[in-house]
Amino acid sequence: MKTLRLIWMGWLFQFKQMRRSSFDSFLAILWPLFFATVAFFMFRQGGDPDALIYAGLGAAVMGIWTATSVAAGSALQRERWYGTLEILVAAPAHFSLILLPIGLATATIGLYCMVTTLLFGRIAFGIELGIQDPAAFAFAVLATLLSIGALGFLIAVAFARYRNAWALGAVSEYPVWLVCGFLVPLSFLPDWARPISWLLAPTWGMRAIRSAADGGSPWAEIGMCVLLGACYVALGVLVTNRVLRAARARASLALT
Amino acid sequence: MTTSLRIFFIGGLTAYRGLINWLSPWIFIPSLVVTPIFQILLFVYIGRAAGVGSDEFFVIGNAIQYASIPCIFSMTHAIAGERFQQTLAYLLVSPAGRLPIFLGRGLPVIVSAMFVAAFSLLVAGLIMRIDVPVSAWPAIGLVICVAAFACTGLGLITAAIGLRVRETAVLNNIIFGLLLIFTGANVPLEQMPGWMEAIGNSVPLTHAIEAARDLANGGSLGDVSRLLATEFLIGVAYTVVGYWALLFMEHESRKGASIQIA
């Protein structure tokens, strides 16, 4: 119960804080819209209405990853700047319980992006998605959100030793958009890219969302998405322990 | 004259090296070497999925459009960064001419933007196996040079705004996003509504991208001279406006005693 409360309060605190940041909220919402606009123009130019709907859903989910990748990458560095990193590490709660809500909060900001992009596609380009199974769609979005949040958590701890982790987070933005099939069906990518996409939860989340929107059964994809998300959390906890042990041994947490 | 030239070249380079933390390999490689390649790949594959454009169209368009990242971000930080370092007031009370101080910082920015565009074009071109005649490369190099100059003019304007607003990163990202849409890097201007086409024709990079595509398709420098001249004139216009805006912001910040307020 204490753990859940810590995650909830951490999420609420981080979410409120990010909502006040124009970089983490306003730009995070606007940024995918630029790419969505270009993609919508391109698919409209192609003349296939189904492809435009495909892009409409993909562009909406792109925003969740955008909001997460940079913000999660720079999460620890931000705490360093605030001077709170050492205090958080020294707290009795496991450090991963403090970091996980950051990943979840960034992904929640992505929900704004998703809604904005869907509305933008509808208003500016007339993309009518017509979601066949709203309940399954909602579950698919939730699973995608949680798994991307978990991936954000893993990124946050993996880049803990880098001062400029935001750049490493940002560099993952386009590859994930591409490999997870947000805008381009995976069949267009080289064969070697497919196993990479299978290891990324957003791939399964995207499939689940598309399947729910089309009226198919998205549950297997939702299951894969949640399973991979759980693996990211488990891996993140292991990495956290290792990083903290090394930082304590070398007195290098502050990176000064 | 010698002093002004020293401030322009040596001062510009020193300020650039001191203020642009993106020169660290930990930022430079992911942000200016790897990311542009992935942006190109992203749009090449979207183009294939949508059944529009050729690989060459997207490789050239995005490689040159990505030059806007160093042009806008570095130019802004090379000037507005003085404020964050608390050194702007010292700079502005110095007797040095404003022209060499401000424009001198633009030269290293242009060089880095040229590197980013040329490297992206070369590497992504090799990955996607686009066929650009070897004879076209020097002319494309010239186009990239003019494009980098023109976009650095836009960077001067954002630098001036950066003397007043805090969130320069947000501003610069928005400018980059708008250039992605309006320069025709991925969508031909004629496919856009008239008002978007009009904007596209008045921003940096649009004409350079078109010129580079023409050159890659076998055109000569003479064939694209009009496009190149237009791009250059757009660059001059943006540079003049940017320089004027910097002087205006300096004047305003003196009046409001707000030079160091960040």
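Two residues are in contact if their C-beta atoms, placed from the backbone, lie within 7 Å. Keep that rule at hand for the tour.

**Before you start.** This is a predicted model, where local features need pLDDT of at least 70, side-chain atom pairs count only at pLDDT 80 or more, and totals for chains, interfaces and linings use all residues. Residues are numbered from 1 along each chain as its sequence is written, while chains are lettered from A and ligands numbered from 1 in the order in which they are written.

**Stop 1: where the chains touch.** Select chains A and B. Here 31 residues of chain B are in contact with 31 residues of chain A. Now colour α2 (25-50) and α9 (168-182) of chain B; these are the elements that give two or more residues to the side touching chain A. Helices (H or I, at least four residues) and strands (E, at least two) are DSSP runs, numbered from the N terminus. α2(B) gives the most, with 16 residues. By type, this side of chain B divides into 19 nonpolar, ten polar and two charged residues. Ala, Val, Leu, Ile, Met, Phe, Trp, Tyr, Cys and Pro count as nonpolar, Asp, Glu, Lys and Arg as charged, and the others, Gly among them, as polar.

**Stop 2: a helix pair.** Show the side chains: B:T158, B:I161 and B:G162 in α8(B) meet B:T168, B:L171, B:N172 and B:I175 in α9(B). The residues of this contact divide into three nonpolar, four polar and no charged.

**Stop 3: two loop residues.** Select B:Q86, in the loop between α4 (68-84) and α5 (88-93) of chain B. B:Q86 has a positive phi of about 65 degrees although it is not a glycine. Next, find B:L205, between α10 (194-200) and α11 (206-216) of chain B. Its phi is also positive, about 85 degrees, and B:L205 is not a glycine. B:L205 is buried, with 32 other C-beta atoms within 10 Å. (Buried takes 20 or more, exposed 12 or fewer.)

**Stop 4: chain A.** Zoom out. Chain A has twelve helices and zero strands. Buried residues make up 52% of its 256 residues.
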